Amino acid sequence: MDIFTQLLASSGIVTTVTALCAGSHLQHSQKKQQGRVMRVFWALGKILTLGFWAVVLVNQAAVLPIPFDRLIKLAGCLLLLTHVLELFLFNGSLRGRSHPWRDRLYILVFGIFHLQSFSRRQAEVSHA
């Protein structure tokens, strides 16, 4: 080893640069993992929301015990009201989308779980 390499090694600069490079790779890996976890979270939210709507429809078709039927109807009405409000609030971001009416239907069914896909798709388009 020459003197310059020994000086760098003893000062800790080489280990610092190596650690920074490894840290950058680690951050990228963690962000990918976090992205996968969030996609699973959003998918699970969509599935649970769809399951809730199924319960509301079953409640309309079948007779459930007295306190539950009213509570399920109330929760269904509140969720529908919330999704209609989301539809009005995010109507501007539907402009320029390939299928705005399909997106409106998905917002009424899934609410925020469909809206979160807007920013991701726009970010993918801007990188292309």
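Q: Okay, helices are DSSP runs of H or I with at least four residues, numbered from the N terminus. Which helix is Leu74 found in?
A: Leu74 is in helix 3. Keep in mind that we're looking at a predicted model.

Q: What patch on the surface does Leu74 form part of?
A: A nonpolar one, made up of Phe68, Leu71, Leu74, Leu78 and Leu81. Together they have about 530 Å² of accessible area.

Q: Let's zoom out. How many helices and strands does the protein chain have?
A: Five helices and zero strands. Reading along the sequence, you get α-α-α-α-α.

Q: Where is confidence lowest, and where is it highest?
A: Helix 1 (residues 3-11) is lowest, with a mean pLDDT of 56, while helix 3 (residues 66-89) is highest, at 94. For the whole protein chain the mean is 80, and 72% of the residues reach 70 or more.

Q: New topic: aromatics. How many aromatic pairs are there?
A: The count comes to four aromatic pairs. One of them is Trp42 with Phe113, with 5.6 Å from centre to centre and 65° between the planes. That pair is edge-to-face because its angle is over 60 degrees.

Q: Where in the chain do Trp42 and Phe113 sit?
A: In distant parts: Trp42 belongs to helix 2 (residues 13-61) and Phe113 to helix 5 (residues 112-127), 71 residues apart.

Q: Is Phe113 buried or exposed?
A: Buried: its relative accessibility is 19%, and the cut-off for buried is under 20%.

Q: What share of the chain's residues count as buried?
A: Of the 128 residues, 20% do. Ile107 is another buried residue, because its relative accessible area is 0%.

Q: Where is Ile107?
A: In helix 4, which covers residues 100-110. The C-alpha atoms of Ile107 and Glu86 are 7.5 Å apart, though the two residues are separated by 21 residues along the chain.

Q: Back to rings. Which ring does the charged end of Lys46 sit over?
A: The ring of Phe110, at 5.5 Å from the ring's centre.

Q: And what about Arg104?
A: The charged end of Arg104 sits over the ring of Trp101, 4.4 Å from its centre.

How values were computed
Residues numbered from 1 in each chain as written. Predicted model: local features only at pLDDT ≥ 70, side-chain atom pairs only at ≥ 80, totals over all residues. Heavy atoms only, no water. Phe/Tyr/Trp six-rings, centres within 6.5 Å; stacked < 30°, edge-to-face > 60°. Helix = DSSP H or I, 4+ residues; strand = E, 2+ residues; numbered from the N terminus. Buried < 20%, exposed > 50% of the residue type's maximum accessible area, 1.4 Å probe, protein only. Lys NZ or Arg CZ within 6 Å of the ring centre and 35° of its normal. pLDDT = per-residue confidence, 0-100. Patch = residues over 30% accessible without salt bridge, like charges linked within 9 Å, V, L, I, M, F, W, Y side chains within 5 Å. Areas by Shrake-Rupley, 256 points an atom, 1.4 Å probe, with all protein chains shown as cover. Salt bridge = Lys/Arg side-chain N within 4 Å of Asp/Glu carboxyl O.
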